[in-house]
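Take a walk through this structure, one part at a time. Keep the sequence and the 3D view side by side as you read.

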Amino acid sequence: MLAVHEVSVGYGDAPAVLTDVSVTVRPGQTLALTGLAGAGKTTLLSTMAGLLSPRAGAVTVHGQRLRDRDHAVERKVVLIPQDNGLAPILTAAENVQVALVARGVAPPEARRLTAATLDRLGLAGQADQLVEELSGGQQQRTAIARGLALAGGVLLADEVTSELDAGNRQRVLDLLHEEARRGAAVVFATHDSEAAAACATELHLADGRAELRRG
């Protein structure tokens, strides 16, 4: 279970981006983060992922307070960033395999998981292509494949359908909901009202505050 307890967060000495935010996402649930550009969606995801430390409040995973990103990784919190975070000089398959091996997965199993996950994203034919040779949408799907291969108890995704066509957008949304059905707590930021409507809960961010719209 992922829980955000009365969190306020900001950057440096600047005013807080978000103030007094609380939300709980249980295993099997999906939460959509919505709001205009600059409302704080990426900031909140980064805080949930242990990349930002809150000025007040806490983020907990299964009751344990997150200390930093390394601790979040130990707690199986996976973040799929908006900028994809891929190594451009590696192939699509290598980007996924390297992450799995670094997590402690044996190389043969890492190869099997990589092939299976790329196939789920429709990328079997691009597995051996360098990331820098892929289109923006293919790169985005590769990053999603890596996140799904690593996924454990908590999966966070930041605008992961922004560069996808309608068919691949639906494929990705279906896979995120599938992860929830498998027991993950899934949170994704989106500008897509239809995608948000398909989630169990929506947390709308505006003017530094959060409004829970469904649940």
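A polar atom of the T47 side chain lies 2.9 Å from the backbone oxygen of T43. This is a predicted model, so every distance here is computed from predicted atoms. T47 is found in helix α1. Is T47 buried or exposed? Its relative accessible area is 2%, and the cut-off for buried is under 20%, so T47 counts as buried. Leaving aside residues up to four places away in sequence, T47 touches V7, V9, L52, P54 and V59.

Now look at what helix α1 lies on. The helix covers residues 41-48 and lies across β1 (2-9), β2 and β4. It runs at about 120° to β1. V7 and V9, both touched by T47, fall within the β1 range of 2-9. V59 is also touched by T47, and strand β4 spans residues 56-61.

These strands belong to a sheet. Strands of a sheet pair through backbone hydrogen bonds, either parallel or antiparallel. Here four strands form an open sheet in the order β2-β1-β4-β5, and the pairing is antiparallel. Its edge strands are β2 (18-25) and β5 (64-65), each pairing on one side only. How many bridges join β4 to β5? There are two, and the strands run antiparallel. T60 stands opposite R65 in β5.

A206 stands opposite R209 in β10. The two strands form a hairpin with two residues between them. In the turn, D207 has a positive phi of about 55°.

Next come the helices. Helix α6 holds 16 residues, 166-181. At 1.5 Å a residue they should span 22 Å, and the end C-alpha atoms are 23 Å apart, which agrees. Just after α6, G183 takes a positive phi of about 115°. The buried residues of α6 are N168, R169, V172, L173, L175, L176, H177, E179 and A180. An α-helix has 3.6 residues a turn, so residues three or four places apart point the same way. What covers the buried residues of α6? The cover includes β3 (30-34), α4 (107-120), α5, β7 (154-158), β8 (185-189) and α7 (193-197).

Helix α5 (residues 136-150) deserves a stop of its own, and Q140 lies in it. Q140 is buried, with a relative accessible area of 7%. Leaving aside residues up to four places away in sequence, Q140 touches E159, V160, T161, S162, E163 and L164. Q140 and P81 are 59 residues apart in sequence, yet 9.4 Å apart in space, C-alpha to C-alpha.

Finally, turn to the nonpolar cores. Which residues touch the most other members of the largest core? Of its 37 residues, they are L121 and F188. The elements giving two or more residues to this core are β6 (77-80), α3 (92-102), α4, α5, β7, α6, β8 and α7. The largest share, six residues, comes from α5. Leaving aside residues up to four places away in sequence, L121 touches R141, I144, A145, L148, N168, R171, V172 and L175. Apart from this core lies another, of 28 residues, among them V25, L66, L203 and L205.

Terms used. Residues numbered from 1 in each chain as written. Predicted model: local features only at pLDDT ≥ 70, side-chain atom pairs only at ≥ 80, totals over all residues. Heavy atoms only, no water. Pairing = 2+ DSSP bridges. Contact = heavy atoms within 4.5 Å. Axes fitted to C-alpha atoms, helices over the stretch in contact; angles between N-to-C directions. Buried < 20%, exposed > 50% of the residue type's maximum accessible area, 1.4 Å probe, protein only. Polar contact = N/O pair within 3.5 Å; in protein donor to acceptor, adjacent residues only side chain to side chain. Expected span 1.5 Å × (residues − 1). Core = buried A, V, L, I, M, F, W, Y, C linked by side-chain atoms within 4.5 Å.
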